[in-house]
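Visitor: I have a structure to look at and some quick questions. Can you walk me through it?

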Amino acid sequence: MTAVAAVTPSSLRPNITRVRDSSGFVGTVLYVGPVASAKSQTEIYAGIAWDDVTRGKHDGSVISKLTNQIVRHFKCGPTQGSFLRLPKVDVGVALTPQLMRSRYVRPDAELIAPDNLLPHVARTSSGRDKPIEFWGEVKLRNRQQLEVVEEISLRMLGISKPPPDLTSLEEIAEFHHLRGIDLAGNLLSDWEDVLNIVRLFPNLQNISLASNRINDLGSVDLGMSFLNVKSLNLNSCNISSFQTVASIGEAMPHLEELCVAHCSLADIESFGTEGLFENLVLLDLSDCQLTSWQRQIMKLQNLLQLESLIVNDNVIDCIDVVTEGERHVAFPNLTSLQLAGTNISTWTALDQLNSIPSLRSLRLRNTPLTNTLGVGEVRSTAIARLPSLEYFNASPISNRERVEAERRYVSTVSRELLLISSGAILAAEKGTNRGVSAGDDDNAKQIQLFAKHPQFQPLLEKHKDTMLSLAIAGNDSSNQGNIGEEIINVTIRSMAAASCDMEPLRKRLPRSLKVGRIKTMCAKYFRVDIDMQMLHFRAEGDPFPSELDDAEHSLFYYGVNDGAEILVNEVDVEALEREKARQLEDHNRRIKEQEQHVTVLQSMQNSDQRINALAAEMSQNRV
């Protein structure tokens, strides 16, 4: 760790100054002064609340040596606090040219692969060691010199302030060409320090300050320092008001990407965005304590250039797109929306996304809605209900997949209608609104069903030639198979070492076939033991395979469509054992932490009881 100057009490600002220890743990100074439990009542300590809530030993309170009573110096979690003597406090280092150069290898440094061979080998399937070649090391090194690169990463180096002297400032002048700087995970805690660093690099366009506890702007004036900035990352920066975001919008007129995830921006409903962020393309508001689409997210509807909006991990439960007049379109250029980890629990809560005609991509995972359904059912229903989507959960939607999803959706809703009235689908096909109802109750149920499935009638019209026969045959259940019985073409390919050169299996399988049956088939053909198999499937055109991790679920549950590819891998026993050992170690660590937590709580309870007993005794003595 880089040596740092001695720390004085005046240099530590409670609730602002950030510190680190020799193990890399980072925390915030909450108290500066004497400690009631210390041997010396005049020695000054720094009270630290660590970011890792298990790093400390107490909650900021101690037992006084003089009174034997609890004295609270600051407040934090039960095992989050520590008191450090000032000589042990590390407040970080300054951003200097020497620190910047330390991230890159000098051109004249010793080569790692002098003969184009790395000092490592790879073990082949036959058990032989194969040398690993590394070509172009000198060329790569020349391209990675500070005088050449346009972006530099200075992550987690303990940087807390700008260069301290004029000499360093003059040396940094040679890096004025830099267009991007990544300062994530450092000890910056003051916007003034951030401004002084940004001013050193006049051509900066991309800045990351993520995981620096720099708080809100307050009275700090950003001035003209950020005029050229196009991308700013302020994730986990302890920002607690949208006023800071609005001030950033005023100071950065050319900003195109802004990330403020894990901040508290619930007061956004008290602010407007008129005249701000006119060039903003991407906005990340993940985990920002947002609760209402209508009151909070709709404040952003006039960002004309916004294409990507990320609101993951907020407790939003409904999309409510209310516009000002028929001609006004909210989010006119929004093409990508992420809603993972929200409180969406019904499909109707998403229907108003169709009011955003430009929307092409949606991410929807880990919600009450998706957690109760199979992956395939979620994907198929989302595709059918949101006709403008081209990507769902980062996976492209092919034309064939859309047709299958829409027809399946029409079939499902048709069956619901047939349960209400056998003539409902035929009446809808003839253009009537409700059909011939057997009674007021049936009529009301049909109205509710149409309201619940607003895309049903347009999709029925779209696929009427194909679906008419299905609707007519609806009453003859013997002639109409279950949706899961649709036959699909799949290619089963082995990726296991012993059978990867075998010809793949090409099969026509019912979508209701369970994963366990496929494993049996693979065991016979590829000779890979069932217990050692790991199956994944990959849709046509999708580079990211999804795991088929439950033998009791069907292909339909996972969304395996016609033309998909199933990959057969063999479990790495050694890797499995290592993972089990890691999980056991992690389990034991959590148990130990819980035991420590319980011990601390019991100690606090005993102290409280002791204090109460002393107070009662003193009260009796006074009486």
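Visitor: What volume does the largest pocket have?
Guide: The largest pocket has a volume of about 620 Å³. This is a predicted model, in which local features need pLDDT of at least 70, side-chain atom pairs count only at pLDDT 80 or more, and totals for chains, interfaces and linings use all residues. Residues are numbered from 1 along each chain as its sequence is written, and side-chain values use heavy atoms, with hydrogens and water left out.

Visitor: What counts as a pocket, and what as a cavity?
Guide: Both are sets of points on a 1 Å grid over the protein atoms alone. In a cavity, a 1.4 Å probe fits but cannot get out. A pocket is an open set with protein on both sides within 12 Å along at least five of seven lines. Lining residues have an atom within 4 Å of a point. Points are joined across faces, edges and corners, and a volume is the space filled by probe spheres set on them.

Visitor: Which residues lie nearest the centre of the largest pocket?
Guide: Arg365, Val375, Asn393, Ser546 and Tyr558, out of 29 lining residues.

Visitor: Which element gives the most to that lining?
Guide: Helix 6, with four residues. Strand 24 (533-538), strand 25 (546-547) and helix 13 (555-558) each supply at least two. Helices (H or I, at least four residues) and strands (E, at least two) are DSSP runs, numbered from the N terminus.

Visitor: How does the pocket lining split by class?
Guide: It has twelve nonpolar, ten polar and seven charged residues. Ala, Val, Leu, Ile, Met, Phe, Trp, Tyr, Cys and Pro count as nonpolar; Asp, Glu, Lys and Arg as charged; the others, Gly among them, as polar.

Visitor: Now cavities. How many of 30 Å³ or more are there?
Guide: The search of the whole structure finds four. The largest cavity has a volume of about 60 Å³.

Visitor: Which elements give two or more residues to the lining of that largest cavity?
Guide: Helix 6 (375-385) and helix 7 (399-420). The lining residues include Gly376, Ile383, Glu404 and Arg408. By class, the lining has two nonpolar, four polar and five charged residues.

Visitor: Is Cys288 buried or exposed?
Guide: Cys288 is buried, at 0% relative accessibility. Cys237 is buried too, with a relative accessible area of 0%. Buried means under 20% relative accessible area, exposed over 50%, and partly exposed in between (1.4 Å probe, protein chains only).

Visitor: And the whole chain? How many of its residues count as buried?
Guide: Of the 623 residues, 43%. The chain has 14 helices and 26 strands.

Visitor: Where does Asn366 lie?
Guide: In the loop between strand 19 (361-363) and helix 6. Asn366 also has a positive phi, near 55 degrees. Asn366 is exposed, with a relative accessible area of 52%.
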